[in-house]
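This report describes how chains meet one another in the structure shown below. Please keep the structure in view while reading.

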There are 4 protein chains.
Amino acid sequence: MSNSFGKIFTITTFGESHGPAIGGVIDGCPSGIELDFDAIQKDMDRRKPGQSKIVTQRKEPDEVKFLSGIFEGKTTGASIGFIIENVHQRSNDYSHIKDSYRPSHADYTYDKKYGNRDYRGGGRTSARETANWVVGGAIAKQAIPSIKINAFTSSVGDIFMEKPYQDIDFDKIESNIVRCPDEASAEKMIQRINEIKKQGDTIGGTVTCVIQNVPVGLGEPIFDKLHAQLGKAMLSINAVKGFEYGSGFCGAKMKGSEHNDIFNGDGSTKTNLSGGIQGGISNGMDIYFRVAFKPVATIMQAQQTIDKDGNVVEMHGKGRHDPCVVPRAVPIVEALAAMVLTDFMILNK
Amino acid sequence: MSNSFGKIFTITTFGESHGPAIGGVIDGCPSGIELDFDAIQKDMDRRKPGQSKIVTQRKEPDEVKFLSGIFEGKTTGASIGFIIENVHQRSNDYSHIKDSYRPSHADYTYDKKYGNRDYRGGGRTSARETANWVVGGAIAKQAIPSIKINAFTSSVGDIFMEKPYQDIDFDKIESNIVRCPDEASAEKMIQRINEIKKQGDTIGGTVTCVIQNVPVGLGEPIFDKLHAQLGKAMLSINAVKGFEYGSGFCGAKMKGSEHNDIFNGDGSTKTNLSGGIQGGISNGMDIYFRVAFKPVATIMQAQQTIDKDGNVVEMHGKGRHDPCVVPRAVPIVEALAAMVLTDFMILNK
Amino acid sequence: MSNSFGKIFTITTFGESHGPAIGGVIDGCPSGIELDFDAIQKDMDRRKPGQSKIVTQRKEPDEVKFLSGIFEGKTTGASIGFIIENVHQRSNDYSHIKDSYRPSHADYTYDKKYGNRDYRGGGRTSARETANWVVGGAIAKQAIPSIKINAFTSSVGDIFMEKPYQDIDFDKIESNIVRCPDEASAEKMIQRINEIKKQGDTIGGTVTCVIQNVPVGLGEPIFDKLHAQLGKAMLSINAVKGFEYGSGFCGAKMKGSEHNDIFNGDGSTKTNLSGGIQGGISNGMDIYFRVAFKPVATIMQAQQTIDKDGNVVEMHGKGRHDPCVVPRAVPIVEALAAMVLTDFMILNK
Amino acid sequence: MSNSFGKIFTITTFGESHGPAIGGVIDGCPSGIELDFDAIQKDMDRRKPGQSKIVTQRKEPDEVKFLSGIFEGKTTGASIGFIIENVHQRSNDYSHIKDSYRPSHADYTYDKKYGNRDYRGGGRTSARETANWVVGGAIAKQAIPSIKINAFTSSVGDIFMEKPYQDIDFDKIESNIVRCPDEASAEKMIQRINEIKKQGDTIGGTVTCVIQNVPVGLGEPIFDKLHAQLGKAMLSINAVKGFEYGSGFCGAKMKGSEHNDIFNGDGSTKTNLSGGIQGGISNGMDIYFRVAFKPVATIMQAQQTIDKDGNVVEMHGKGRHDPCVVPRAVPIVEALAAMVLTDFMILNK
């Protein structure tokens, strides 16, 4: 069931970029949650294409149609089916990839694995799929209202937000189009993306996510550790190349005497290099992690590639694409984190 | 089933550091594999304590007793049960943690989650569990003999092996006790660990793993991507704080025009920043990834901590511990990678 | 994931009787299957309401809209999303059960378990759900074209088709509205249902299913035995009270010397009391099983029941209901059997 | 994971009849349960061979060695590993089946599916496996002490216990060796088994199970219905050919007006043809079901069969076998029911 995620609170998805609709089934959502549909649409709008000048100009309303599992505005505990129609597809933009493989896309691997593939817009491999996850995440957030999940852009290319997350105001994440809560960094990032876009190029970046107000005890031993499940979720996002939590790769350079988090009398810790998780189980401190996104593979420059018969051909990016995926990835990271946390909250009941 | 891993080729484990034995059940192993038991023991020996001066001095033979699933030396397709006896436990070393929580260990979170816990040697949270995985991995390797999996120590603290993996000889991994195939780096790493050990301190590091001769097409869409499953596996290892594959976090600083892997006529690529995986599916190039390990939390220095009642107490590390976990982690990384690959190979039949 | 079924070939469903649509996601379907959409609709028509005088008169076209996973008429290996719109619901028929529980329905248990429930038409507990399964089954049949699956009505009340299945012509199943391939029995059954309907009552019955041309080796040991998975599937159908395969409950009266199936030289057996399965694994002989359906709980007679507050009230069946569920259950039994077989065929590759 | 059962409370097993030991891993058991080890052994003794004159004379102490998951007599929430040594195997008894297939056993299907098989005593297909389940069930019972589970022999061949379960005293189940709580029926059953044994033949029978004091709300919609999961569990037992609950196959002959269970004011029902489950969810009434066992395939008479090359050969039963499996099946049925109930109780928390 490779199109499903989660153990109790689960999402199962379908849909291609240029089909009639994408959608999914959310199973295991507790009954009796009064849904705030505006909040769901708001998260959809944060992810949707065409929202600003630094993202793809494909226009999709991304309105969610719920088909089941909700009665008189409240969840019933039954599976929640939903669809999101594809409105603004332009399949003609993709005739050039029918028989050729875009470099660093999944065209080649899907063709070899499946033979028959919907090449238009990348078909099933399109990041359009992530709209389904935002639906699941938006509902998950409402299932665990006490837990606060905030993701933001922490770097674009070599421009890093230098402040620690403790010094920033999460309310400012949405105050700029790159979703970096530090204004000075945000400006530089936007400028950098604009430059890159003019070059017909793309650029990578990172998203940091902070989860607060987590009860002690979430996560299961050995193979369902809280951070392992978060990591798997994040590594499922298109273009992600790395995941670290707490001290992460920096922690690998440290000494134990520097790295250990000393307890306060109430069980909280003076430092939090553990990232809120010890032995795979939340300890009540903030959980934080960082996700690395590679630059988008579709560039508006000529590239050499091959066709199905192995002939070398030249290809030039067409269609409407993101110069940097990170601003739109912020709500996706939050959505997946919300689903992971909800799943463990239900298991931990 | 948080003590199970895998979809078709699965391992389910049990055991505490100071109980009579640890062990597990390997399910879904194909029938008819003629097992090389020496090769299994060899991997066990690479992980076992007491193997060199830079690891913990607990002595365990770590001999595997197979109880089922093997007939006349060959697998039968039935589940393979096995146990590894705990021979050299010294539970008295742990009386000091019965009522106190070691900093940056899982004592606190397990106590809050479960109430009743086997505190001796960390109980279920002990890295002794990883011996079980090495059994599973050693069998998995024999199920996919054509695929080559080599892990090695790529950094200890701030000492990095600078050479790219393409320039090294994997046969040299076992030629030194730190398991770094570059002799010059290895020497420095060993020296560093010795210094740290004398200080009663510990140090982190990274393991790099390279998987070669992988067929095109391993991995499943959306939530069972090959790298997501590898990432989840690695994040299950004790002390791991991060995972990156291919260009990893460095890729997040790059431009698309730099990062894209251009195809050769045969479907191979000129560069391999993708790390052998595109869209979650292997493309036939080398898969490589890096895993970050924090410094071991038990240090031979006095640390402040709390007891069960929240009183501040002083604690001093006792028992026999690793100053750096990385040399012994090398076969563990290989083992988990082997199980992930075998699972996908069976799914892909 | 209680709305999902299957291990590799899976279906995940959603939808209530009186919502806008029902539907689901089929995951794990192999790529490259050229779908016969007429065959799918034909199975839908066999299940749909209003098809004859002896079934409910609700009229539903039950047209399936496929939203993904199919490209140029062939499966792509991506998840197949589909919906079936609810056209002919009459929710007003259900106002009487808003606050009262219908006897031997799931109103009471759902209300106690979930609190908030869509009572209209039984909501999620409606057998309308089974239309989703017929979609999954119709695709599954096309994934395993060599295997022949035929279900039929083998009893209605105390009228039993007396002939063994070997003596009947499966092509005659669809020649009458009760789906019993023995004409004489069929006539009696139809007459019985008509009598019962006039009484405002309902009647139970059994469906027998025969699966032919099954390769040796389907089914997995211990907990995924072929017949256990078939049994679980059948017991998931609304109104089912029992499942038996091969000799079934009659076998419990027999002696070993009577019951054992003696081998022929080619591995086939002279008798087939085993029902084509030994040790949970198909042996190449015909698989056959029988499913018991209770009478539909909604009767057009006054019944005493209770409301939410425990007050005794009188209730009279309303709406459009089946006097006997068995004729419409035939394609449902086939559909679930087809999904189980397909799942094991893929596992057995 | 075909050797695993359950969703949260799970058991994963291994072991062959003539290997050194069988065993398993119980995962998901709540922490803090003070285990009564005598009660566990008592259930083992009810299943074990050699316990009376009407069962197989193989002598096995069937002592369980727990290896993990228990600390100071109480469960810790960690996975519970256990083994049961095989003491009294006589592998020589099986040399005659090395190259020939016993009729109505799984020798043929396992050989075709796996190629390499441990033929001694049936290897993995031996009912010795069920000893593992009794361990899991005995622990499960202690996890849900308020729920009462009683199984008993309800028929042997054509001798049926005629009384309804409401009229019998469950305390009398263990008062005779056939485990039928009605003394008069028990005597006839024992006599029947003795006759059959003298003939060198075997006989089938049924076990009925009654589960009392079940809270309302256990079971999950659609594919994890309580009775579907019970049915799957029972159909996993060696020799089982059928499962029915509540009115079962008799219900298929009834009219709705006869079959419906009318509510009392407190939500209980006047009759209980539903068998305590409506829409797959427990309604608080007694759950009861019946399981059909075929006669044991190994008979002490000459039978014709084939060898691996398809040659017809004569075979005569050897070894120590049960003339009727039903008396020893009683604790097995209870064990599986206990595990199913515990799993749903945890899910329902």
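## Polar contacts between chains B and A

In this predicted model, 45 residue pairs, both members at pLDDT 80 or more, are in polar contact across the interface of chain B and chain A. On the side of chain B that touches chain A, the residues divide into 38 nonpolar, 42 polar and 20 charged.

The salt bridges counted between chain B and chain A number 4. A salt bridge links A:Lys232 with B:Asp224, where the closest N and O atoms are 3.1 Å apart.

## Extent of the B and A interface

The contact brings 100 residues of chain B against 101 residues of chain A. Between them, chain B and chain A bury about 7700 Å², and 60% of this area lies on carbon and sulfur atoms.

## The contact between chains A and D

Chain A also touches chain D, with 5 residues from chain A and 5 residues from chain D taking part in the contact. About 420 Å² is buried between chain A and chain D, 56% of it on carbon and sulfur atoms. On the side of chain A that touches chain D, the residues divide into 2 nonpolar, 1 polar and 2 charged.

How many salt bridges cross the interface of chain A and chain D? The count is 0 salt bridges, while 2 residue pairs, both members at pLDDT 80 or more, are in polar contact between chain A and chain D.

Terms used
Residues numbered from 1 in each chain as written. Chains lettered and ligands numbered in written order. Predicted model: local features only at pLDDT ≥ 70, side-chain atom pairs only at ≥ 80, totals over all residues. Heavy atoms only, no water. Contact = heavy atoms within 4.5 Å. Buried area = accessible area lost by both parts, 1.4 Å probe. Salt bridge = Lys/Arg side-chain N within 4 Å of Asp/Glu carboxyl O. Polar contact = N/O pair within 3.5 Å; in protein donor to acceptor, adjacent residues only side chain to side chain. Nonpolar A, V, L, I, M, F, W, Y, C, P; charged D, E, K, R; others polar.
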